[in-house]
Amino acid sequence: MRWQDIVISICQIFFVVAMIPSIRSNDKPAFSTSVMNVILVGIIVVCLFTLNLWFSSITAAMVGLTWSVLAIQKRKLDLTSSRLE
C-alpha cells in the first residue's frame, strides 16, 4: 500500500464527515452543483482505480455518494416547493 493512498483516503473520509451536516440540514446546495460534483468525483474514482489506489477509490466513491444524496434531496425539495406554489 502506498502512503498516498492512505493520505488521500483519510482526507476524503473527512470530506464525507464534513458533508453530514448538509445532508441533515434543510439547506442544500444547488442541484447543478451537486450533479457536477458527482460527475467530477466519478472521474476521479476512475483515475484512482486505474492507479491501483484502492482505498482512495472507495473513499472517493463515498464522497460521490454523499453528493448524490444531496442532489436527490435538493430535487425532492424543489419538487415539493413547486407543488406548494
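Me: Which residues of α1 are buried?
Reply: In this predicted model, the buried residues of α1 are D5, S9, Q12, V16 and M19.

Me: What do they pack against?
Reply: The buried residues of α1 pack against α2 and α3.

Me: And how many residues does α1 have, and how far does it reach?
Reply: Helix α1 has 22 residues. From its first C-alpha to its last it reaches 33 Å, which is close to the 32 Å expected at 1.5 Å a residue.

Me: How do α1 and α3 pack, in terms of angle and axis distance?
Reply: The two helices pack at an angle of about 15°, and their axes are 8 Å apart. That angle makes α1 roughly parallel to α3.

Me: Which residues make that contact?
Reply: On the α1 side, the contact is made by Q4, D5, I8, S9, Q12, I13, F15, V16, M19, S22 and I23. On the α3 side, the residues are W54, F55, S56, T59, A60, M62, V63, T66, W67, V69, L70 and Q73.

Me: Is the crossing of α1 past α3 left-handed or right-handed?
Reply: Helix α1 passes α3 in a left-handed crossing.

Me: Now α2 against α3. What is the geometry there?
Reply: The axes of α2 and α3 come within 8 Å and cross at roughly 165°. The two helices are therefore roughly antiparallel to each other, and α2 passes α3 in a left-handed crossing.

Me: Let us stay with α3. Where does it run, and how far does it reach?
Reply: Helix α3 covers residues 54-84, which is 31 residues. It reaches 45 Å from its first C-alpha to its last, close to the 45 Å expected at 1.5 Å a residue.

Me: Which of its residues are buried?
Reply: The buried residues of α3 are S56, S57, T59, A60, V63, G64, T66, W67, L70 and A71.

Me: What covers them?
Reply: The cover includes α1 (3-24) and α2 (31-50).

Me: Stepping back, how many helices and strands are there in the protein chain?
Reply: The protein chain has three helices and zero strands. From the N terminus on, its elements run α-α-α.

Me: What are the spans of the C-alpha trace along its principal axes?
Reply: The C-alpha trace of the protein chain spans about 55 × 20 × 15 Å along those axes.

Me: What share of the residues counts as buried?
Reply: Of the 85 residues of the protein chain, 25% count as buried.

Me: And what share of the contacts with a separation of 6 or more comes from residues 24 or more positions apart?
Reply: Such residues account for 83% of those contacts in the protein chain.

Me: What about I44 and F14, how far apart are they?
Reply: I44 and F14 are 30 residues apart in sequence, and their C-alpha atoms are 17 Å apart in space. Residue I44 also lies in helix α2, and it is partly exposed, with a relative accessible area of 41%.

Me: Change of topic: how many disulfides does the count come to?
Reply: The count comes to zero disulfides.

Me: One last item, the backbone. What is the phi of N52?
Reply: N52 has a positive phi of about 60°, although it is not a glycine. For context, most residues other than glycine have a negative phi.

Me: Where is N52 found?
Reply: N52 is found in the loop between α2 and α3. At 43% relative accessibility, N52 counts as partly exposed.

How values were computed. Residues numbered from 1 in each chain as written. Predicted model: local features only at pLDDT ≥ 70, side-chain atom pairs only at ≥ 80, totals over all residues. Heavy atoms only, no water. Helix = DSSP H or I, 4+ residues; strand = E, 2+ residues; numbered from the N terminus. Expected span 1.5 Å × (residues − 1). Buried < 20%, exposed > 50% of the residue type's maximum accessible area, 1.4 Å probe, protein only. Contact = heavy atoms within 4.5 Å. Disulfide = S-S within 2.5 Å. Axes fitted to C-alpha atoms, helices over the stretch in contact; angles between N-to-C directions. Parallel < 35°, antiparallel > 145°, perpendicular 65-115°, else oblique. Left-handed = near helix turned anticlockwise from the far one by under 90°.
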